[in-house]
Amino acid sequence: MKITFMLNGTKKEIDTAADRRVVDVLREDLGLTGTKEGCGNGECGACTILVGDEPRLSCLMLAAQLEGTDITTVEGLSKDGAVHPLQQAFIRSGAVQCGFCTPGMLMTAFALLKKNPRPDRDAIREALSGNLCRCTGYQKIVDAVETAALSLSGKENP
Amino acid sequence: MRTVYLPADLNEFWEYRTRCPQALLYAGGTDLLVKMRAGKIAADNLICIERISELQQVTEEADSIRLGAGTSLARLLNHPLLAEHFPVLIKALRTLGSPLIRQMGTIGGNIANASPAGDTLPALYVLSAELELRTASSRRTIPIGEFIKCPGVTNLRPEEIITAVILKKQPDYNISHFEKVGLRKALACSIVSLAAVLELSPEGTIGKVRLAWGSVGPTIVTSPACVDLLTNKKITLELLKAAAGQIRRELSPIDDVRSGADYRREVAGNLLLRLADYIP
């Protein structure tokens, strides 16, 4: 089945089985391995991508559903070789250990800051409650999002 | 390799349904796709209803609110009409899954999946929700209590889909309570849950009360005996303890990976004691 959609700002046309999972299409067909599969059941958030402005689980999305959408993956966060301030904050705050949860955390946090540029720590925790981390204990991830929010607020587009 | 139909509107949906009556429906896929992956359900073809806006309307009538079955749980959680009229459902939605699951999952899906642990269900039971079921040419409504038979099984006829949930406004209920016990605060399947709506006078007399428990039976459990115990009485801890004893006598929950039957029975009663928070 031919499917056309926007991917990280570029128009993409693919031809694949309609019932393949989006996480597989991204990783295997398009070489974008930033999006991870942690559980395949929607219970860990490692596969989080943006569809439009909303974070969604790409392990529970089928290729047919890509038609006409505007997809952002973690690879789409950096521009012209420079990491996004959110990514910078994660690095500076020590919010990355093994890194497996990090793409999903970034995409969810990115979507949060677009909706709510100045979230408090409770709001950050609530927004990230669908993204699991086995390494960090979450504190530094919350620190990172809080820091990024401060540095991004006042700018036009996060 | 399956066909995945993606109808843009209800007309297209019925066309695909007629063409492929065996195709299974999904909106967010947070239950169906998980079950398919586990090999519990086989589907040759799928119809994804996520783009049908006619199924995603939330509208207010004079005495009721109508929720399109395809409305995402996230939209409902943030909807002002629900906050105003049905806070018990909002409280239930807050505990369901995660923000990502709520983004994709729908209220129709939570009902059709008919899990005894479905988090919207106890709230919908105490709200006496009615479901609108449609085929291409017919329409009927059914109270939610008559719709779900046992885990995963409903009274949906083969050609039917759930199109809406209809909630009657019930301003007499001034107390709305929901509590879910799970192994985590998010992404946790409920071990026991309780939804309660009460008409409570300023002096603490319970007028009307409706109670519904989740995850302690094959479907949502209600208890006419508990309701009788509480109706037209002054709310006290002793009264709630009596009701707690009553529900414990009535229940036979199961042991499963999440919890033992004894714990479920004990906690189902304990959840009633939380209503003591509302003693004036």
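**Exercise 1.** In this predicted model, B:Ala114 is found in the loop between helix H7 (107-112) and helix H8 (120-126) of chain B. Determine whether B:Ala114 is buried or exposed.

*Solution.* Begin with the backbone: B:Ala114 is not a glycine, yet has a positive phi of about 50°. Next, take the relative accessible area, which is 1% for B:Ala114. Buried means under 20%, so B:Ala114 is buried.

**Exercise 2.** Identify which side of helix H1 (residues 10-19) of chain B is buried, and what packs against the buried residues.

*Solution.* First, list the buried residues of H1(B): B:Leu10, B:Phe13, B:Trp14, B:Tyr16 and B:Arg17. Because these residues cover an arc of only 160° around the axis, they lie on the same side of H1(B). The face turned away from this buried side carries B:Asn11, B:Thr18 and B:Arg19, which are exposed. Then turn to the partners: the buried residues pack against strands of chain B, among them S1 (3-5), S2 (24-26) and S10 (161-168). Finally, inspect the N-terminal end of H1(B), which is capped by B:Asp9; one of its side-chain oxygens lies 3.1 Å from the backbone nitrogen of B:Asn11.

**Exercise 3.** Describe how helix H2 (residues 85-92) and helix H3 (residues 102-115) of chain A are arranged.

*Solution.* The two axes come within 10 Å and cross at roughly 125°. H2(A) and H3(A) are therefore oblique to each other. Their crossing is right-handed. The contact involves A:Leu86, A:Gln87 and A:Phe90 of H2(A), and residues of H3(A) including A:Met105, A:Ala109 and A:Leu113.

Definitions and conventions: Residues are numbered from 1 along each chain as its sequence is written. Chains are lettered from A and ligands numbered from 1 in the order in which they are written. This is a predicted model: local features need pLDDT of at least 70, side-chain atom pairs count only at pLDDT 80 or more; totals for chains, interfaces and linings use all residues. Side-chain values use heavy atoms; hydrogens and water are left out. Buried means under 20% relative accessible area, exposed over 50%, partly exposed in between (1.4 Å probe, protein chains only). Helices (H or I, at least four residues) and strands (E, at least two) are DSSP runs, numbered from the N terminus. The arc is that of the directions from the helix axis to the C-beta atoms. Contact means heavy atoms within 4.5 Å. A polar contact is a pair of N or O atoms within 3.5 Å; within protein, one must be able to donate a hydrogen and the other to accept it, and residues adjacent in sequence count only if both atoms are side-chain atoms. Axes are lines fitted to C-alpha atoms, for helices over the stretch in contact, and angles run from 0 to 180 degrees between N-to-C directions. Angles under 35 degrees count as roughly parallel, over 145 as roughly antiparallel, 65 to 115 as roughly perpendicular and the rest as oblique. A crossing is left-handed if the near helix is turned anticlockwise from the far one by less than a right angle, and right-handed if clockwise.
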